[in-house]
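Trainee: I would like to go through the terms used for this model and see what each one rests on.

Mentor: Then ask about them one by one.

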Amino acid sequence: MHVNFYICLNIIVIYLFGVESTMITKVLRAIIMGPPGSGKGTISTRIIKDFNMKHLSSGDLLRAQIVNKTSAGMSAKQFIDKGQLVPDDVMVKLIINELNKFKGESWMLDGFPRTVPQAKALYNEKPVDLVINLNVPFEVIIDRIKGRWTHAPSGRIYHTEFNPPKVVGKDDVTGETLTQRDDDKEETVKKRLQIYQNQTEPVLQFYRQHEILTEFTGKYSNEIWPKVYEFLSTKSEPLQYTQYS
């Protein structure tokens with residue numbers, strides 16, 4: 001129903017009973033998933049801008065907990081320092097404790113869950129309403145990432161297709177040689193995507209079985225975003241619509 005309807009309804013109730021009615025808004029619990037380089041960060045930012053939702057990134061939360069030296073952060077750091085994955089029970093506790101702060105508020109999880117045990121624990125503690133999965137072809141992601149080149153001293157980033165330097169392989173300002181980070185090299189990207197697929201497919205299947213998974217296929221964020229916005233608009237009243245060219 002439109003906001004104007006509720007305003008009129010409140011006026012009528014106040015006139016008749018001298019009290020203001022309560023407008024009930026559904027709390028939306030969501031998860032966004034997508035491989036590295038799929039534009040998940042971009043889509044997440046747009047969702048938070050246009051919808052009244054809190055954004056919780058498991059990576060950001062974990063880093064903050066470690067910096068602040070909380071008990072959960074120190075527990076996780078012991079495994080990270082050894083090059084090991086943070087155990088499911090530690091991550092679940094960390095996420096649930098943070099979600100408990102969002103009482104009565106809509107929220108969207110990013111980067112969690114990564115395993116089926118995590119997904120099951122979250123579903124039992126905080127059942128989610130919907131899961132958004134960004135389905136971007138791996139070859140598109142590989143081409144996008146392997147085209148990045150960096151001027152290490154300044155941090156300036158170039159892309160051979162979207163933002164090429166004036167002189168191939170050289171920084172526009174200093175003329176110094178550009179380098180490519182190991183994370184941006186084709187073989188590294190392929191390996192990361194394969195690991196992601198192996199880890200995540202069982203999680204996606206878990207949500208398919210619960211019939212709360214919706215997938216959005218496309219090559220670019222500006223192609224996917226209108227579809228995501230239209231879908232979320234059927235679940236939660238948007239604050240606005242921001243169009244991107």
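Trainee: Why is Ser236 called buried?

Mentor: Buried means under 20% relative accessible area, exposed means over 50%, and partly exposed lies in between, with a 1.4 Å probe and protein chains only. Ser236 has 14% relative accessibility, so Ser236 counts as buried. Its place is in the segment after α9. Helices here are DSSP runs of H or I of at least four residues, strands are runs of E of at least two, and both are numbered from the N terminus.

Trainee: Which residues does Ser236 touch, not counting residues up to four places away in sequence?

Mentor: With that exclusion, Ser236 touches Leu28 and Phe51; contact means heavy atoms within 4.5 Å.

Trainee: What should I keep in mind about the source of these values?

Mentor: The model is predicted, so local features need pLDDT of at least 70 and side-chain atom pairs count only at pLDDT 80 or more, while totals for chains, interfaces and linings use all residues. Residues are numbered from 1 along each chain as its sequence is written, and side-chain values use heavy atoms, with hydrogens and water left out.

Trainee: How many helices and strands are there in the protein chain?

Mentor: The protein chain has nine helices and seven strands. Of its 245 residues, 38% count as buried.

Trainee: What makes β1 and β3 a pair?

Mentor: Two strands pair if DSSP finds at least two bridges between them. Strand β1 (residues 29-33) and strand β3 (residues 107-110) are joined by four bridges and run parallel. Arg29 stands opposite Trp107 in β3, and Ile32 stands opposite Asp110. Four bridges also join β2 to β3, again in parallel, and there Leu56 has Leu109 as its bridge partner.

Trainee: What is the strand order in the open sheet, and which strands are its edges?

Mentor: The five strands of the open sheet follow the order β2-β3-β1-β4-β7, with parallel pairing. Its edge strands are β2 (54-57) and β7 (213-217), since each pairs on one side only.

Trainee: Which way do the residues of β3 point?

Mentor: Trp107 and Leu109 point one way from β3, Met108 and Asp110 point the other way, and all are buried. In a regular strand the side chains alternate between the two faces of the sheet.

Trainee: What makes a set of residues a nonpolar core?

Mentor: A nonpolar core is a set of buried Ala, Val, Leu, Ile, Met, Phe, Trp, Tyr and Cys residues joined through side-chain atoms within 4.5 Å. The largest one has 30 residues, of which Leu109, Leu122 and Tyr207 touch the most other members. Its largest share, seven residues, comes from α5. Apart from it lies another core, of 25 residues, among them Ile43, Met53, Met108 and Ile132.

Trainee: Why is Tyr207 called buried?

Mentor: Tyr207 has a relative accessible area of 0%, so the term buried applies. Among the residues that Tyr207 touches are Ile31, Leu122, Val131 and Leu213.

Trainee: Why is the pair of Tyr123 and Phe206 called edge-to-face?

Mentor: Rings of Phe, Tyr and Trp (its six-membered ring) pair if their centres lie within 6.5 Å; planes under 30 degrees apart count as stacked, over 60 as edge-to-face and the rest as tilted. Tyr123 and Phe206 are 6.0 Å apart centre to centre with 90 degrees between the planes, and the pair is edge-to-face. Tyr123 lies in helix α6 and Phe206 in helix α8, so the pair ties together parts that are 83 residues apart in sequence.

Trainee: Are Tyr123 and Phe206 buried or partly exposed?

Mentor: Tyr123, at 26% relative accessibility, counts as partly exposed, whereas Phe206, at 9%, counts as buried. Phe206 also forms an edge-to-face pair with Tyr207, at 5.2 Å centre to centre and 75 degrees between the planes.

Trainee: How do you know that the charged end of Arg46 sits over the ring of Tyr244?

Mentor: A charge sits over a ring if NZ of Lys or CZ of Arg is within 6 Å of the ring centre and within 35 degrees of the ring normal. The charged end of Arg46 is 3.6 Å from the centre of the Tyr244 ring and is listed as sitting over that ring.
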